[in-house]
Amino acid sequence: MQFHHHGYVSGDPRVQPAAGVGIDRPEELPDEVDVLIVGTGPAGMIAAAQLSQFPNVVTRIVERRPGRLEIGQADGIQARSVETFQAFGFAERIIAEAFRITEMAFWKPDHEDPTRIVRAARTIDDETGISEFPHLLVNQARVLDYFAEFAANAPTRMQPDYGYEFVGLEIAGDSAGAEYPVAVTLARTTGERVGEQRVVRAKYVMGADGARSKVRAAIGCHMAGDQANHAWGVMDVLAVTDFPDIRTKCSIQSEAGNILLIPREGGYLFRMYVDLGEVAPDDHGKVRETSIEQIIAKANDILHPYTLDVRNVAWHSVYEVGHRLTDRFDDVLADAAGSRTPRVFIAGDACHTHSAKAGQGMNVSMQDGWNLGWKLGHVLEGRSPESLLATYSAERQVVAQNLIDFDKQWSTLMAKKPEEFESPSELEDFYVRTAEFPAGFMTQYAPSLIVGEAAHQELATGFPIGKRFKSAVVTRVCDANDVHLGHHATADGRWRIYVFADAARAGAASAVTDLAEWIANAPDSPLAATPAGADPDAWFDVKVVYQQPHTEVDLGAVPAVFKPRVGPFELIDLEKVFATDPEQDVFELRGIDRGGAVVVVRPDQYVANVLPLTATAELAAFFAPILGANLPVTA
């Protein structure tokens, strides 16, 4: 974390100075806003947190509840999400309070006595090192708390507006020229003015209001999919039990049914997904009336010969597995695609629903919200053209479809009876073979306005274009600290340009020095779009990694573009210059050509392009349509 560059900070450095709309922020929800977010779930809160970093963008997030969520239904935190938490500054703190999954146990009927279950296998949760971050379990409410804290400490001082329920919206046609074309009707749900309605006008609206989304209905999006006609009881409980793996994630298969056991944070609480069996087509929701006592009794049947004495129930529910996806993620109909700008978006459960057992709901929803959040910020701040917003639905709908396809396989396997498996190890084999998908690392965005073609992918094979930037350890030259390169990519809305140097030393004539000169001074360099008066790295964070050990890098000879002068005192930022760690050479680990490479990374940590050090024309051509009118006009 860097601070003091605007003057001495004596308090918590996570609290950024108020700026822009955060100065004297009105307590009452205003009549006009740039972005109105409906719903304080994972998708809505991460979008609000990202937008809180844009001081001149008026964003408000409304929630029908009277206050913060107290008990969340989601709890699985995949490694990709923990990487995301690192960008928002709370990965270490949430890891400390969460339950960390290190392995999964598989229990099956005993061959000697099929009425009893025995442990059949154990698998390591991440044996291939998908991420440096762990797989966690923690209450969704705590995740939302951390995003709320980040937003409240941001320059805009953003806080949720509780006690407002979405009623409906109307969108003025683009021909009307309205500055705030979306009129949203809200109703108060708490206080003395319950039921009172008011209209808030917005430039853009994001519906993150859950599976029964009213925003989705208002823009005519339709959920399509199927029900699996299989029900599960889920409960978060405190219990006394002789089951030996109660603090280990388990898949339990018995003749009486199946259980997915999820230990929770705190050392005592755990969650059980209890198989209630197939649901008759004419059930009409009756299975949802299954009592907690019946769920507990079923769990005991499955666990035999072990017993479960439940002493306290924190939460429970019954649900039927369903896989449904909307036809689009914004208000632009298929026949109008490309002809107008989307104004209303939906995210999270409002767009895609599936079973909870793959631990994907909250995780995928957060990536929805982050994807949209930085794009809205860039458009509203004038960094990028409105065409950027069309990439949200194009990118995230594909991800949601892939998720549903995966979850259909996983939930079907979880509901199988032991005798229905083709091989005794089919379930655990699938778990290990597909580990990268549920961890969040199979997402790969297709070429688009903000994702380049893979013409030079061979220069950095470990940074696949369209996939998330997989961090690696490097040595910071100025202080000889070994740090993770990706951990410095905070959720500040900036693009990253990583320059992996050729074999020449710092200061010597090389492709790196030529590139540095172009980035700093060329009129078609992306840095030329940075507004006058802003820090030179306000929009683009440019870093260099040399091939030599840090003791052989002359910091004084490093080009100035990698040591920008920032803040009112124009202090020199020395923390953008890195060297390879001889014991874990990033060039070897990530397949980077020794002739060097440029790796461009989006604000949401996805690799946008890989180019040679000499490809300045290609780098300029990539950013030109993204930056639009911000680049200076040259003769």
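The model is predicted, with local features requiring pLDDT of at least 70 and side-chain atom pairs counted only at pLDDT 80 or more, whereas totals for chains, interfaces and linings use all residues. Residues are numbered from 1 along each chain as its sequence is written, and side-chain values use heavy atoms, with hydrogens and water left out.

Three domains are assigned, namely domain 1 (30–87 + 138–225 + 324–431), domain 2 (100–134 + 229–319) and domain 3 (457–624); the bounds come from an automatic or database domain assignment. The centres of domain 1 and domain 2, taken over C-alpha atoms, are separated by 29 Å. Domain 1 contributes 28 residues to the contact and domain 2 contributes 29 residues, contact being defined as heavy atoms within 4.5 Å.

Between domain 1 and domain 2 an area of about 2,300 Å² is buried, 58% of it from carbon and sulfur atoms; buried area is the accessible area (1.4 Å probe) that two parts lose on being put together, summed over both. On the side of domain 1 that touches domain 2, the elements giving two or more residues are α2 (79–87), α8 (390–415) and α9 (426–433). Helices (H or I, at least four residues) and strands (E, at least two) are DSSP runs, numbered from the N terminus. Zero salt bridges are found across this interface of domain 1 and domain 2, a salt bridge being a side-chain nitrogen of Lys or Arg within 4 Å of a carboxyl oxygen of Asp or Glu.

In the whole structure, 45 salt bridges are found. In one of these, the side chains of Glu149 and Arg93 meet at 2.5 Å, N to O. Glu149 belongs to helix α4 (residues 140–153) and Arg93 to helix α3 (residues 91–97), so the pair ties together parts that are 56 residues apart in sequence.

Two features of backbone geometry were also identified. Most residues other than glycine have a negative phi, and most peptide bonds are trans. The peptide bond from His304 to Pro305 is cis, with omega near 20 degrees; Pro305 is placed in the loop between α6 (292–303) and β16 (308–326). Arg157, although not a glycine, has a positive phi of about 55 degrees, and this residue lies in the loop between α4 and β8 (161–162).
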